[in-house]
Amino acid sequence: MRPSHPEATGLRHLAFAVANLDPVIMRLEAAGVAVEAIRIDPYTDQRFTFFSDPDGLPLELYEVP
């Protein structure tokens, strides 16, 4: 067990590399999935965002060139 939310149990999170965040976010939102605002990684300048799986655990989408 982890003391903080949303990483309450299991892995901290799982990340998926995507070539372009925008169409993936549009598809998730069209399916009713709430997606966090896009952030910029200060070390790589790459865009990324999070959404939750059905159990409420965080999943990351990380844009790679």
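Student: Why does Asp45 count as exposed?

Tutor: The relative accessibility of Asp45 is 58%. The word exposed is kept for values over 50%, so Asp45 counts as exposed. Bear in mind that the model is predicted.

Student: Where is Asp45 found, and what is its phi?

Tutor: Asp45 sits in the loop between strand 2 and strand 3. Its phi is near 60 degrees, which is a positive value in a residue other than glycine.

Student: What makes Thr49 buried or exposed?

Tutor: Thr49 has a relative accessibility of 0%. Buried means under 20%, so Thr49 is buried. Thr49 belongs to strand 3.

Student: Which residues is Thr49 in contact with, leaving aside its neighbours within four places in sequence?

Tutor: With those neighbours left aside, Thr49 is in contact with Leu21, Ile25, Val35, Glu36, Ala37, Ile38, Leu59, Glu60 and Leu61. Contact requires heavy atoms within 4.5 Å.

Student: What lies 2.6 Å from a polar atom of the Thr49 side chain?

Tutor: The backbone oxygen of Glu36 is at that distance. The limit for a polar contact is 3.5 Å, and 2.6 Å is within it.

Student: How many salt bridges does a search of the whole structure find?

Tutor: The search finds 3 salt bridges. Side chains of opposite charge can pair when their charged atoms come close.

Student: How do you know that Asp22 and Arg47 form a salt bridge?

Tutor: Their closest N and O atoms are 3.2 Å apart. The cut-off is within 4 Å, so the pair qualifies as a salt bridge. Asp22 lies in helix 1 (residues 21–30) and Arg47 lies in strand 3 (residues 47–52), so this pair ties together parts 25 residues apart in sequence.

Student: Why are Asp22 and Arg47 called partly exposed?

Tutor: The relative accessible area of Asp22 is 37%, and that of Arg47 is 21%.

Student: What makes the pair of Arg47 and Glu63 a salt bridge?

Tutor: The closest N and O atoms of Arg47 and Glu63 are 3.0 Å apart. That is within 4 Å, so the term applies. The pair links distant parts of the chain: Arg47 is in strand 3 and Glu63 in strand 4 (residues 58–63), 16 residues apart. Salt bridges with shared partners join Asp22, Arg47 and Glu63 into one network.

Student: Is Glu63 buried or exposed?

Tutor: Glu63 has 12% relative accessibility. This is under 20%, so Glu63 counts as buried.

Student: How do you know that Arg39 forms a salt bridge with Glu36?

Tutor: The closest N and O atoms of Arg39 and Glu36 are 2.5 Å apart, which is within 4 Å. Arg39 is partly exposed at 38%, and Glu36 is partly exposed at 41%.

Student: In what order do the 4 strands stand in the sheet?

Tutor: The open sheet has the order 1-4-3-2, with mixed pairing. Strand 1 (14–18) and strand 2 (39–40) are called edge strands because each pairs on one side only.

Student: What makes strand 2 and strand 3 a pair?

Tutor: They are joined over 2 bridges, in the antiparallel sense. Pairing takes at least two bridges, so the strands count as paired. Arg39 stands opposite Phe48 in strand 3.

Student: Which strands does helix 1 lie across?

Tutor: Helix 1 lies across strand 1, strand 3 and strand 4, and runs at about 15 degrees to strand 3.

Student: How many aromatic pairs are found in the whole structure?

Tutor: There are 2 aromatic pairs. Phe48 and Phe50 form an edge-to-face pair, with 6.1 Å centre to centre and 85 degrees between the planes.

Student: Why is the pair of Phe48 and Tyr62 called stacked?

Tutor: The ring centres of Phe48 and Tyr62 are 6.1 Å apart and the planes are at 20 degrees. The angle is under 30 degrees, so the pair is stacked. Phe48 is in strand 3 and Tyr62 in strand 4, so the pair ties together parts 14 residues apart in sequence. Phe48, Phe50 and Tyr62 form one aromatic cluster.

Student: Are Phe48 and Phe50 buried or exposed?

Tutor: Phe48 stands at 12% and Phe50 at 13%. Both values are under 20%, so both residues are buried.

Conventions:
Residues numbered from 1 in each chain as written. Predicted model: local features only at pLDDT ≥ 70, side-chain atom pairs only at ≥ 80, totals over all residues. Heavy atoms only, no water. Salt bridge = Lys/Arg side-chain N within 4 Å of Asp/Glu carboxyl O. Buried < 20%, exposed > 50% of the residue type's maximum accessible area, 1.4 Å probe, protein only. Polar contact = N/O pair within 3.5 Å; in protein donor to acceptor, adjacent residues only side chain to side chain. Axes fitted to C-alpha atoms, helices over the stretch in contact; angles between N-to-C directions. Phe/Tyr/Trp six-rings, centres within 6.5 Å; stacked < 30°, edge-to-face > 60°.
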